[in-house]
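Here is a short tour of pockets and the strands around them. Have the model open as you read.

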Amino acid sequence: MKRSVNNKGWGSYEFLTVVVVCLILTIILLFVVFRLIDDEKFQVFKYNARTIGINAIDYQINSDFDTVYLYELVDDGYVTKMKNAFSGDKYCDLYESKVEFTDNAKKVTLRCGEYLIYEQDVADEDYDIYKITDWSSKEMKGDNIDENTVYNIIVDGKEIFNEYYEEELFIKQVMAKYGKEYSSLNKIKKAYDVKEEEVYRERVLVN
């Protein structure tokens with residue numbers, strides 16, 4: 001049988017081999033490029049979390065609360081809104097992102113879309129990154145499940161806030177809305193009809 005040859009003297013088999021090799025090399029190159037882009041996004045994410053942590057230390061000096069939320073840092077000009085490194089047209093969550101001050105520790109949490117740095121010590125050299133689901137009232141069980149209690153005020157059967165908040169954030173939102181000082185959740189419960197819910201999400205380490 002005679003082997004088919006193109007004008008450059010290549011057989012069909014050799015030509016096909018070159019095409020396949022080129023395709024494989026292109027796929028490998030694209031994989032490397034996308035991996036480098038992802039690594040850069042992770043580094044930006046970690047840098048933003050550290051920035052929040054450092055600025056929250058200055059902010060907390062004049063605060064009566066143990067938690068500083070990102071919305072407070074933005075409102076008072078300590079930082080600007082942070083773009084979500086994984087989605088350029090969106091910002092990081094202003095209410096779930098925070099720094100907690102407990103027992104001489106400073107723990108930063110930053111949520112941007114489905115990615116999360118969770119209660120990481122601000123002084124750590126590197127931060128872990130998790131991929132998460134949205135909070136849900138549907139109970140979940142397992143090793144990678146977070147659980148939280150959140151609150152809202154009910155007036156005439158309607159929820160006052162558009163969303164439910166964790167305890168300290170809830171206290172701050174109530175004070176801001178009603179212009180009154182409340183030192184605890186119990187004092188708010190004496191003044192208003194408070195509804196609470198248990199919510200769940202899955203959190204998986206990715207970097």
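## The largest pocket

The largest pocket of this predicted model has a volume of about 640 Å³. A pocket here is an open set of points on a 1 Å grid over the protein atoms alone, where a 1.4 Å probe fits, with protein on both sides within 12 Å along at least five of seven lines; lining residues have an atom within 4 Å of a point. The volume is the space filled by probe spheres set on the points, which are joined across faces, edges and corners.

Its lining has 27 residues, with Glu96, Trp135, Asn148, Val150 and Tyr164 nearest the centre. Elements giving two or more residues include β3 (105–112) and β4 (115–121), while β6 gives the largest share, five. Strands are DSSP runs of E, at least two residues long, numbered from the N terminus. By class, the lining has nine nonpolar, five polar and 13 charged residues, where Asp, Glu, Lys and Arg count as charged, Ala, Val, Leu, Ile, Met, Phe, Trp, Tyr, Cys and Pro as nonpolar, and the others, Gly among them, as polar.

Six of the eight residues of β3 are buried, so β3 is largely enclosed by the rest of the structure; buried means under 20% relative accessible area (1.4 Å probe, protein chains only).

β3 pairs with β2 in the antiparallel sense over five bridges; pairing requires at least two DSSP bridges. Two residues separate β2 and β3 in their hairpin, where Asp103 has a positive phi of about 50 degrees.

## Notes

Residues are numbered from 1 along each chain as its sequence is written. Local features need pLDDT of at least 70, side-chain atom pairs count only at pLDDT 80 or more, totals for chains, interfaces and linings use all residues, and side-chain values use heavy atoms, leaving out hydrogens and water.

Key. Helix = DSSP H or I, 4+ residues; strand = E, 2+ residues; numbered from the N terminus. Buried < 20%, exposed > 50% of the residue type's maximum accessible area, 1.4 Å probe, protein only.
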